[in-house]
Amino acid sequence: MRSTFQGLEIARRGINTQQAALYTTGHNIANANTPGYTRQRVNFLQTEAFPSVGFNRPQIPGQMGTGVQVGDVQRIRDSFVDMQFRNETSKLGYWQAKAEQTSQMENIMNEPSDTGLASTLDQFWNSLQDLAVQPQNNGARRVVRQRGISVADTFNYMHNAMKAIQKDYRNEINVTEQRMNSLLRQINQVNKQIGSIEPHGYLPNDLYDQRDRLVDELSSMVNVKIEPKHSGGVASANAEGLYDIYLATPQGEILRDSGNRPIKLIDSSSGTATGIHIQYDNRVEQDSPVAEIKFFELKDNEPGFKGLSQIDADNSQSSVYKLSSFSQLNTNGNLKGLIEGYGYKSNVNGVESVEGLYNNMLADLDVMAFTYANQFNIVHQSGWSPNEIRNGADVQQDFFSFGVLQLSADNPKGAAANIRVSQAILDDVDNIAAAAEGNVLSGVMVRKPTVNSGTIGNPIISGIYDKTVAEAAVPGFNNAEKVNISLKYESGAWSYKLTAADSNGTPLNPELSHTGQIDSTEKSISIFGVNIDLSSMSAQQNGDEWSFEFNADGVKSADEAFIGNGSNALKLAEVKDAILNYGGSLTNVQTFYQGMIGTLGDIASEANRMVEVSATLSESVDKNRMSISSVSLDEEMTDMIKFQHAYNAAARNITMIDEMLDKIINGMGVVGR
């Protein structure tokens, strides 16, 4: 038989449940503007029907409902959309770092402009042309000196400015490293709190929100993969569980370290967090490249690794995970973008090098400064200055200097930072050699038909032909009007031959020549002041042969030079058009610099375009996520009215049942009295 008071219990349950829904609605409204808050809802569940199955069950027509109860209070969240958002955030963080770096570099290069290096070089060349017209004009010489100082100062400024910004990025990498480790530590602590609450059947929604906010910020630094784990006990079916967090590739796969172990940043089973440690080639030097990346277990409640200082971490070989080179950090995020700009060590086929946006640009500046200044000095040495003409002695004075550095084409590092106008030029402009140039050579040797198609590169010619040395080595060589150089590769060795020729290029009769071989370990040789550079050559084969022909005018003597002659100043101005080996590129200084600016422009354009694309995608995914998870005041007001009416109806139901009971108790059995 059904209880008379059953209706009261059903109505009571309805009131309590609707009241819980109203409280949750109020909580949502109160947090409508709270960052990272996820709206919540009460899950309504029917209570167990009456009667339950049993031998002694009441014999009534069927089971009757017993009302409603609160199942749990659940967040409205879509984990798939969260994953999309974090992937896009890591891409955006990476490209934003690249865009910022290229923007700052473009500000330093300042091209095209009236104050950039290209304009400064143009002004220098123009001053040399003016000097060629008026070589005896002291004012023109002073302008050349000042324009040369401007060229050196511009190289110095560009190098120093880029170095300063590069060091700033070192600090930013360190800050990002510390912030990333702090986030991992906090996530691990929240994970533990969630693990202590869920087994009791509760849903710690506010802790879920806190954890997701931290993971969202972490995903802007590196790409991560989340794997939820059950927390055990009597956890609700809607419990989100504990997070295992892995470092992930751009494709969302788990990244593995050098030992092929998956890099787990948060391990929920052991309750540990593993932090990142950026190791530099030399931590003391502020521009030292990133050498490798290690991972160590973090302390629970304070910064740092368990049992290790920063220096200990550098020297430790017991890291949890290790990436032995930066190239193995196959992920997205702000951290990778910063390191790519700052600089890192690379090892390709056993050849170590230092790469990175700023390092590459600094290296190109060094190559440009050294190659141009070196060729300029060669031409300057071939001429005569007023002081040399007066003294009758050619001292072969350099125009540019690199201080105490001993630089070469193979090692031009530091050229841009240390290039100066030489002290002799600063002391006296009459040391500028504008008269009686020598035969300055620059170019590429011509391939003969015998050169195999698989041979890569061509030998490069540079220097000043010294006919005095040639005559001493081969008597009669002074009679040559032209000189032909032939170069041949045979039996794994290089051989050369210099032949004296007439004005038509025909060898003299009897033949006058000078032959020799180039050591297989050497990449260049100098013959009578003529340099043959083989550094760009590879895959050469037997029978390969090249040639090069030039006029046999050597360095002019003192009696051929006079102060009113400006022919060497014109040759100095023409150095800008000389085809030289700029770091493996056969080109002139203008084209090489244009290539540097063009490459920077391409990188900057791509970075800016990808920032726009990533920002658009990230914003789109975020809007989708907000449409699911954020609080809509209109929706909450609608729910509030709905729950309020349900509450009122349940209360009215109690009143109605009270009247029924009053009739039964006080109104029955009074008939006939």
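Helices (H or I, at least four residues) and strands (E, at least two) are DSSP runs, numbered from the N terminus. The model is predicted: local features need pLDDT of at least 70, side-chain atom pairs count only at pLDDT 80 or more, and totals for chains, interfaces and linings use all residues. Residues are numbered from 1 along each chain as its sequence is written, and side-chain values use heavy atoms, with hydrogens and water left out.

**Exercise 1.** Describe how α2 and α4 pack, and state which residues make the contact.

Solution. 
Step 1. Two packed helices are described by the angle between their axes and the distance between the axes. Axes are lines fitted to C-alpha atoms, for helices over the stretch in contact, and angles run from 0 to 180 degrees between N-to-C directions.
Step 2. For α2 (residues 79-109) and α4 (residues 138-197), the angle is about 160 degrees and the axes are 10 Å apart.
Step 3. Angles under 35 degrees count as roughly parallel, over 145 as roughly antiparallel, 65 to 115 as roughly perpendicular and the rest as oblique. The helices α2 and α4 are therefore roughly antiparallel.
Step 4. On the α2 side the contact (heavy atoms within 4.5 Å) involves Glu100, Gln101, Gln104, Met105, Ile108 and Met109; α4 contributes Tyr157, Met158, Ala161, Met162, Ile165, Tyr169 and Glu172.
Step 5. Classes are assigned as follows: Ala, Val, Leu, Ile, Met, Phe, Trp, Tyr, Cys and Pro are nonpolar, Asp, Glu, Lys and Arg are charged, and the others, Gly among them, are polar. The contact of α2 with α4 has 9 nonpolar, 2 polar and 2 charged residues.

**Exercise 2.** Is Thr120 buried or exposed, and which residues does Thr120 contact?

Solution. 
Step 1. Thr120 belongs to helix α3 (residues 117-133).
Step 2. Its relative accessibility is 9%, so Thr120 counts as buried; buried means under 20% relative accessible area, exposed over 50%, and partly exposed in between (1.4 Å probe, protein chains only).
Step 3. Leaving aside neighbours within four places in sequence, Thr120 is in contact with Thr115, Ser150, Val151 and Thr154.

**Exercise 3.** Identify the backbone exceptions in the loop between α2 and α3 and in the loops around β17.

Solution. 
Step 1. Most residues other than glycine have a negative phi, and most peptide bonds are trans.
Step 2. In the loop between α2 and α3 lies Asn110, whose phi is positive at about 55 degrees although Asn110 is not a glycine.
Step 3. Pro112 lies in the loop between α2 and α3, and a cis peptide bond joins Glu111 and Pro112, with omega about -10 degrees.
Step 4. Ser491, in the loop between β16 (482-490) and β17, has a positive phi near 55 degrees. At 64% relative accessibility, Ser491 counts as exposed.
Step 5. Pro510 lies in the loop between β17 (493-501) and β18 (513-518), and the peptide bond from Asn509 to Pro510 is cis, with omega near 5 degrees.
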